[in-house]
Amino acid sequence: MPELQGRLPVRVTLSPLTEEDFRKILTEKECNLIEQHTALLQTEGIEVDFTQDGIHEIARFAAQLNAHVENIGARRLSTIIARVVGDISYIAPSKAKEAQGISQVHREKIDAEYVKSRVKSLLEHVDLSRFVL
C-alpha cells in the first residue's frame, strides 16, 4: 500500500502570509530571526535594538515583496533581515577593535526609518523580466 500511496499526486494550496503572520514569525517564535541576529552581533560587541515599528516595517516589506516579486513565504524575512543588518555586520569587527580594553558596547537602533533606508530599493527594482513574452 505505501508504494501506491507514494505514486498519488498530492497538491496543497496555501494562502499567502500576511504582515501580521510575518510579525508573529519575527517575534513570537522561539529562536526567531531577530533574536538570532541580535545574539550574533553581540558576539562582536554590538548591541542591536529592533524597535516595534522597525519590526512592523520588516513585516510590511516582506508581505509586499512576496506579493510583487515571488511568494517565497517566510524565507523572505531572511533576505530582508540580511539587508537590514548587513552594514552593521560589516562594521562589527572594526567597532570591536575600537572597544577592546574598554567595557563599551556599540549600540545600533533599528527603527522603521532605518529599515526603509536599507530595503526600499528591493521594491523599486522589481524584476520585470517575468512579464516579457
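Cysteine 31 sits in the loop that joins α2 to α3; helices here are DSSP runs of H or I with at least four residues, numbered from the N terminus. Although cysteine 31 is not a glycine, its phi is positive, at about 60°. The model is predicted, with local features needing pLDDT of at least 70 and side-chain atom pairs counting only at pLDDT 80 or more, while totals for chains, interfaces and linings use all residues. Residues are numbered from 1 along each chain as its sequence is written, and side-chain values use heavy atoms, leaving out hydrogens and water.

At the start of α3, the backbone nitrogen of isoleucine 34 has a side-chain oxygen of asparagine 32 within 3.1 Å. Helix α3 covers residues 33-42, and its buried residues are Leu33, Ile34, His37, Thr38 and Leu41; buried means under 20% relative accessible area, with a 1.4 Å probe and protein chains only. Viewed down the axis of α3, these buried residues fall within an arc of 130°, so they line one face of the helix. The arc is taken from the directions between the helix axis and the C-beta atoms.

Helix α4, residues 52-68, has 17 residues and spans 24 Å from first C-alpha to last, close to the 24 Å expected at 1.5 Å a residue; the expected span is 1.5 Å times one less than the number of residues. Among the buried residues of α4 are Ile55, Ile58, Phe61 and Leu65.

Helix α2 (residues 19-27) and α4 have axes that come within 8 Å and cross at roughly 130°, with axes fitted to C-alpha atoms over the stretch in contact and angles running from 0 to 180 degrees between N-to-C directions.

Methods:
Buried < 20%, exposed > 50% of the residue type's maximum accessible area, 1.4 Å probe, protein only. Helix = DSSP H or I, 4+ residues; strand = E, 2+ residues; numbered from the N terminus. Polar contact = N/O pair within 3.5 Å; in protein donor to acceptor, adjacent residues only side chain to side chain.
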